[in-house]
Amino acid sequence: RASPLGSLRLLRSDRTLFGLSGTMFLYHLAHNVFPAIFVLHAGYRFGWGEGMVGLGLAGFAVCSAVVQGLLIKPVVGRVGERNALLIGLATGVTGFVLLGLAETSFVFWLGMPVTALWSFVGPSLQGLMSRHVGASEQGQLQGANGALAGIAGLIGPTVFTQLFAAAIAYAGVKYAGAPYLLAGAILVVAGLNAWRVTRLEVQAR
């Protein structure tokens with residue numbers, strides 16, 4: 001049970017936990033779009049050099065830090081983990097659409113703070129999942145979520161880089177943002193699944 005793959009068995013012990021684990025996997029999968037194509041896309045689409053790429057990455061980091069440090073606790077406390085999760089997924093989809101369709105650096109910059117709001121997803125999802133395991137299984141749950149992130153990390157970079165290559169080969173700069181749109185579509189599926197799973201749980205109460 002302590003091995004990364006063995007810990008995944010825990011996720012099948014509860015119907016809601018198993019459903020939420022699907023959203024967790026898709027969340028990690030979509031997140032891989034950033035390390036996979038951010039530098040490639042920014043350089044090809046907007047002509048960014050090292051300095052602008054560095055500023056872009058720093059901008060994302062600052063926006064995410066503000067959300068994680070100042071907004072998550074009060075928002076979750078006010079609307080609850082389920083609503084915070086759905087808000088995070090919705091803003092993530094919106095942000096990825098802005099990034100993917102951006103034709104100018106200005107629009108791309110506008111998409112950064114919107115995308116950063118999807119930082120609500122991780123803590124909210126983890127909190128919901130932790131309710132479905134015992135106190136002695138919290139570490140195993142962390143291991144299982146780490147395994148999901150690892151699997152997503154094996155798949156995501158290949159999917160997003162290959163889509164980027166195919167998109168620019170087919171239509172050049174016009175479809176260079178296709179990987180971000182795919183990440184947004186993945187979050188749509190994650191959001192629908194999260195809504196369904198948590199709705200069933202709310203009804204059961």
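Author: This is a predicted model, and a fitting place to begin is the surface, where Val62, Val66, Leu70 and Leu71 form a nonpolar patch with about 350 Å² of accessible area together.

Reader: What makes Leu71 count as partly exposed?

Author: Leu71, which lies in helix α4 (residues 50–101), has a relative accessibility of 32%; buried would require under 20% and exposed over 50%, so Leu71 counts as partly exposed.

Reader: How do you know that the side chain of Gln138 makes a polar contact with the backbone oxygen of Gly134?

Author: A polar atom of that side chain in Gln138 lies 3.4 Å from the backbone oxygen of Gly134, and since the limit for such a pair is within 3.5 Å, the distance meets the cut-off.

Reader: Which residues have the most contacts inside the largest nonpolar core?

Author: They are Phe96, Phe108 and Tyr180, in a core of 49 residues. The elements that give two or more residues to this core include α2 (15–31), α3 (33–46), α4 and α8 (178–204). Leaving aside neighbours within four places in sequence, Tyr180 is in contact with residues among them Val33, Phe34, Phe96 and Phe108.

How values were computed
Residues are numbered from 1 along each chain as its sequence is written. This is a predicted model: local features need pLDDT of at least 70, side-chain atom pairs count only at pLDDT 80 or more; totals for chains, interfaces and linings use all residues. Side-chain values use heavy atoms; hydrogens and water are left out. A polar contact is a pair of N or O atoms within 3.5 Å; within protein, one must be able to donate a hydrogen and the other to accept it, and residues adjacent in sequence count only if both atoms are side-chain atoms. Patches are made of residues with over 30% relative accessible area and no salt bridge: like charges are joined within 9 Å, nonpolar side chains (Val, Leu, Ile, Met, Phe, Trp, Tyr) within 5 Å. Accessible areas come from the Shrake-Rupley method with a 1.4 Å probe; for residues, only the protein chains shown count as cover. A salt bridge is a side-chain nitrogen of Lys or Arg within 4 Å of a carboxyl oxygen of Asp or Glu. Helices (H or I, at least four residues) and strands (E, at least two) are DSSP runs, numbered from the N terminus. Buried means under 20% relative accessible area, exposed over 50%, partly exposed in between (1.4 Å probe, protein chains only). A nonpolar core is a set of buried Ala, Val, Leu, Ile, Met, Phe, Trp, Tyr and Cys residues joined through side-chain atoms within 4.5 Å. Contact means heavy atoms within 4.5 Å.
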